[in-house]
Amino acid sequence: MLNPETVALIGATEREGSVGRTIMENLLQEKTRKIFPVNPDRKTVFGVDCHPDLKSIPEKIHLAIIATPAIKVPEIVEECGKIGVEGVIIVTAGFKEIGEEGKKLEEEITQIRKKYGLRIIGPNCLGVIRPNIGLNASFLKADPEPGNIAFISQSGALGTAILDWAINAHIKFSMFASLGSMIDVDFGDLIDFLGDDPDTRSIMIYMESVGNAKKFMSATKGFSRNKPVIIVKTGRFAQSAKAALSHTGAMAGDDRVYDAAFKRAGAVRVKEVADLFNAAEVLDSKHLPKGPKLAIITNAGGPGVMATDALIELGGELAKLSDANLKELDSFLPPYWSKSNPIDVLGDSDIKRYVNSVYVCLKDPEVNGILIIYTPQGTAQPDELAKTISEIAKKAMKPIITVWMGGERVKRAREIFVQNDIPSYETPEEAVKTYLYMHNYGRNLELLYETPAELPVDQAPPKSNLKALIKRVAKEGRAILTEEESKRFLMSYGIPTTRGYPVKTVEEAVLFANKIGYPIVIKISSPDLTHKSDVGGVITGIRSDERLRDEYDKLMKRILEKAPQARIIGVTVQKMVENIDYEVMLGAKKDNYFGSVILFGLGGVTAEIFGDFSIGLPPLNQTLARILMEETKVYKMIKGFRGKMPADLRQLEQIIVSFSNLIVDFPEIAEMDINPLAISNGKAYALDARIIIDQMVEYASQYPHLVITPYPTKYVVPWKTTDGIEVILRPIRPEDEPLEREMLSTLSEQTSRDRFFQVIKNIPHEMLTRFCNIDYDRDIAIVAEVKDLEIRRLVGTVRIIIESDFTKGEFAVVVHDDYQGKGLGYKLLDMVIGIAAEKGLEMIFGIVLTDNRKMLTMCQDLGFTVKHLPEGISRVELILK
């Protein structure tokens, strides 16, 4: 539907000022595409024969555009389905945005769409423009130039304004799409489409709400590895209307969750519309900065100071040049130059001064990028300097961005930079902001695909008893688990905690206190009190029987006075953790769009006041757990503060990963708090815990609460080779990178050539990342693991990469030379056939060297057809449906 040979426009007309006329005029600009106007009241439209209805059109329609009154749209969509139209764009307004009547029409269209498997963009949208193929299926009176930037907008009006502004700025597009109400095609669909589009180098998105969050995350993560996705998301300060029942629920607002989701997907979020275009033009640069350290070269002191202020405010750093490089600058700059960064080459600077300064900065290892500022003064002419800088920048291994300040005198120079793909801005602040977008984008991708360390975390803790506990609590009509019930979950997942002992009388309290030893903590247990400390429900540091009796009586009286309606389930006594150095918190909540999210931050009773926390989307591994901590202020404190012992960061990473596994395993959890997670003598202990049950959870899938598919343990299979060697077949993990490197680097030259069509020995991290850090919704790689003298080793891999239409996938398989001829290749390929069938693929295929007879024979034995192609390769296919 987005590359149609035939287009039908329902509602085509010549009436002046009508939507139907504008769309028809736009469609007729491309002379090779067949356009079929549909209007029962007209014979022709602009000289093209008009049809009374869709079924009278003699050809198959790839794209139907509906521009009729809303009341007629369901009937037309039904007709589209009956005649097999590929896709529909509904530009008509008057649906859910006008109230119940419009909402019913929208629901009717949705049912028809599902009935026929139609794809629909809209309703209430502007349409789609693809300048590179001459398609303007919109009612915009605009013709953007063909280019490499795709722009997807949820808002029609704002999208129009942004597009108009961009055209005037000579920004070139591969696509403009307005999505409207998104009853079907949404951001995820178009990102998938654009990921396979060679004309698209970056995607800009104006977003109001995400739509299908799981689809969006999967598509964006796949696209952003190679091409940037830049997003403006409005509604940053909207408040959630739902009252929260935990610290976590109160803290994690909707917008912070969007931030976390964009970061996890590798997308860049910008705050202003202008930043969309600035970022889109530079984030696909060959050389992103390796760090935040910027060298500033300027011929005017004021703009250099402005750039420095912006850099520091936004979290960047001024690069500190080496003494040797400062001395070299001293050799050709006037005696009264600034002697530091920013490098003021002074107002009388010629081109040579600029050029020499740039070369010095390029070779300094402390410099990650260079900002060159020019103001119209001195002997350096703006055009000539721009040409010279462009030549240097094109060859440089570090990014160079430019600011040519002024109006007409520098206009031609800016055009020179644009022609050479050199970022150029009118103000220092704009340039600095864009440089830091470049740095943050590159750093985020690097962190996301960093190889995580192995952690000693139980991947299959006992949880059946916990599922039963949740059912019992729900039967009792409770939504909130008691502290001790909540701590059972922590203990099952290996999270250190202080065990509490429920007591009913003061005498029982004294008995337990003597058993576990003073000092102790005494707490009330109530499902009706979110924060026990608000009503004085927690007493710490009790060190004697006498004080315990006294405090117990005071506690019960105080609760009756301050919270007379609270149901007191009981009182618990627990051993007190002494010498607490730090208090952090760990929590989870369910977001309306992104499902369960995890929080880490400053803990204790002031957690909500200071709001120092970060958010991550489960599942988390060691790297992601570390990033979650690093994004908080409290992280600097727990590394050691004012002589206190630093926290055991590896233990905290392990606790966060275990907590993430807990949240993954229990879609029944709506909110959860561990607050505080106390750190004493470097070790962390959960002092308090609370779980709120989601009584409305729907089990549409195994993980209805997650937008990122966790590690698929169902594919872990024990197996034996034909000579009896025990093998574990399992999905690959990011942590497998060292094992994968060892396997691939020790293949024979022949096996390497059979798998990669060339001999590969030195395998870079970036390549291994693509093999090991995968999206289990789109790719599956099964590895064969053995233990050789108790050392773990990978000896085979099969993978299938699912194409963006989710109907077919390409597989590849390799078995290490030491394990060939043992039935392993046959088993791996058979396993991936089963996975592909389970995922609903219609066909899988592979490309094999024609002289790889063993592989071709194995494929034929498994039912594949073989087609020999030119250049010594063959295509093997297996139809699954």
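Buried means under 20% relative accessible area, exposed means over 50%, and partly exposed lies in between (1.4 Å probe, protein chains only). The model is predicted: local features need pLDDT of at least 70, side-chain atom pairs count only at pLDDT 80 or more, and totals for chains, interfaces and linings use all residues. Residues are numbered from 1 along each chain as its sequence is written, and side-chain values use heavy atoms, with hydrogens and water left out. Helices (H or I, at least four residues) and strands (E, at least two) are DSSP runs, numbered from the N terminus.

- Phenylalanine 757 is not a glycine, yet its phi is positive, at about 65 degrees.
- Phenylalanine 757 sits in the loop between helix H25 (749–756) and helix H26 (765–772).
- Phenylalanine 757 counts as partly exposed because its relative accessibility is 36%.
- Aspartate 421, also a residue other than glycine, has a positive phi near 60 degrees.
- The loop between helix H14 (408–419) and strand E20 (424–425) holds aspartate 421.
- Relative accessibility of aspartate 421 is 58%, so this residue counts as exposed.

**Nonpolar cores**

- A nonpolar core is a set of buried Ala, Val, Leu, Ile, Met, Phe, Trp, Tyr and Cys residues joined through side-chain atoms within 4.5 Å.
- The largest nonpolar core has 92 residues.
- Phe173, Leu371, Phe489, Phe600, Ile638, Phe659 and Leu662 touch the most other members of this core.
- Helix H15 (residues 428–448) gives the most to this core, with ten residues.
- Apart from this core lies another, of 57 residues, including Leu9, Leu135, Ala213 and Phe262.

**Contacts of two residues**

- Contact means heavy atoms within 4.5 Å.
- Not counting residues up to four places away in sequence, leucine 662 touches Phe489, Leu490, Tyr493, Ile669 and Met672.
- Arginine 626 is in helix H21.
- Arginine 626 counts as buried because its relative accessibility is 15%.
- With residues up to four places away in sequence not counted, arginine 626 touches Leu447, Glu450 and Glu653.

**Strand pairing**

- Two strands pair if DSSP finds at least two bridges between them.
- Strand E31 (residues 717–720) and strand E32 (residues 726–731) run antiparallel and are joined by four bridges.
- Across this pairing, valine 717 stands opposite leucine 729 in E32.
- The hairpin of E31 and E32 has five residues between the strands, and glycine 724 there takes a positive phi near 90 degrees.
- E32 also pairs with strand E33 (residues 779–788), in the antiparallel sense, over four bridges.
- Isoleucine 728 stands opposite glutamate 785 in E33.
- In a regular strand the side chains alternate between the two faces of the sheet.

**Cis peptide bonds**

- The bond from proline 618 to proline 619 is cis, with omega near 5 degrees.
- Proline 619 lies in the loop between strand E27 (613–616) and helix H21 (622–630).
- Asparagine 675 and proline 676 are joined by a cis peptide bond, with omega of about 5 degrees.
- Proline 676 is placed in strand E28 (residues 669–680).

**Threonine 606**

- Threonine 606 is in the loop between strand E26 (595–602) and helix H20 (607–610).
- Threonine 606 counts as partly exposed because its relative accessibility is 29%.
- Threonine 606 and leucine 9 are 597 residues apart along the chain, and their C-alpha atoms are separated by 61 Å.
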